[in-house]
Amino acid sequence: MLRFCTNCGKQLGDSARFCILCGTQAAPPVQMARPEPNAQPQPQYQPPYAQQPMTQKQQTLYNAPGALNKPGQPWEVTVEGDAIIARWRWMDATFFAPHEVSDETRAFTFTVTLSDNGKWKEFDVTENKSSGIKMSGGKLSFGSSSSSFKGKTNQKSFSFGMGKNNQTGEVGLVGFKFDTTAVKQPIRDYLTSLGWKKA
């Protein structure tokens with residue numbers, strides 16, 4: 001085993017007690033521990049998340065955005081906690097009438113919450129907001145209103161009028177089509193295909 005002076009770096013003999021160059025006392029030789037025969041290798045550390053596979057619920061939530069968001073789809077699917085949430089702002093427009101201008105927004109949110117027993121629960125929120133300026137009898141008036149509904153709903157509607165689609169910039173005769181089933185059914189089909197059941 002090679003030995004070197006700790007002061008000047010001179011190579012020392014196996015039995016040298018002092019460095020022959022600078023006189024520094026030599027450190028005793030260090031014996032390297034040899035592995036025991038048939039010794040088992042020590043397991044390497046793994047972070048907690050790598051030790052256990054995902055549960056069915058975790059896997060379902062993790063894959064939901066990739067499976068449910070499609071190119072050109074007007075709503076977006078995200079995951080928050082144990083819930084899959086689809087949000088659709090299906091109307092955002094400014095409508096023009098001879099004596100009135102109004103801004104209209106309509107939004108729908110569909111929430112599916114997964115439980116640990118392989119079932120899901122559904123919840124809907126619809127929100128409507130409007131504001132406008134109106135000329136009547138030579139007087140200018142302003143108004144606004146809003147409404148919301150929370151629960152379970154099935155709706156279909158089609159609205160059109162002269163104005164501007166604030167999402168696309170289209171001006172003229174604009175129309176907006178809404179169907180709650182178009183949002184709900186893909187999520188239900190996704191969950192059913194993975195063995196989930198509606199509570």
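**Exercise 1. Which residues does isoleucine 187 touch, not counting residues up to four places away in sequence?**

Solution. Start with the ground rules. This is a predicted model, where local features need pLDDT of at least 70, side-chain atom pairs count only at pLDDT 80 or more, and totals for chains, interfaces and linings use all residues. Residues are numbered from 1 along each chain as its sequence is written, and side-chain values use heavy atoms, with hydrogens and water left out.

Next, a contact means heavy atoms within 4.5 Å. With that rule, Ile187 touches Leu68, Ile84, Ala86, Phe110 and Val112.

Now zoom out. A nonpolar core is a set of buried Ala, Val, Leu, Ile, Met, Phe, Trp, Tyr and Cys residues joined through side-chain atoms within 4.5 Å. Buried means under 20% relative accessible area, exposed over 50%, and partly exposed in between (1.4 Å probe, protein chains only). The largest such core has 25 residues, and Ile84, Ile187 and Leu191 have the most contacts inside it. At least two core residues come from each of α2 (56–68), β4 (83–97), β5 (100–114), β9 (171–179) and α3 (180–193). Strand β4 gives the most, with 7 residues.

**Exercise 2. Work out the overall layout and how confident the predictor is.**

Solution. Helices (H or I, at least four residues) and strands (E, at least two) are DSSP runs, numbered from the N terminus. Here you'll find 3 helices and 10 strands, in the order β-β-α-α-β-β-β-β-β-β-β-α-β.

Then check pLDDT, the predictor's confidence in each residue, from 0 to 100. Its mean for the protein is 87, and 88% of residues reach 70 or more. Among the elements, helix α1 (residues 48–51) has the lowest mean, 55, while strand β3 (residues 76–80) has the highest, 97.

**Exercise 3. Is threonine 111 buried or exposed, and what does threonine 111 touch?**

Solution. First find Thr111 in strand β5. Its relative accessibility is 18%, so Thr111 counts as buried. Leaving out residues up to four places away in sequence, Thr111 touches Ala83, Ile84, Ile85, Lys121, Glu122 and Phe123.

**Exercise 4. Compare the two partners in the bridge between arginine 89 and aspartate 92.**

Solution. The Arg89 and Asp92 side chains meet at 3.8 Å, N to O. At 46% relative accessibility, Arg89 counts as partly exposed, whereas Asp92, at 16%, is buried.

How values were computed
A salt bridge is a side-chain nitrogen of Lys or Arg within 4 Å of a carboxyl oxygen of Asp or Glu.
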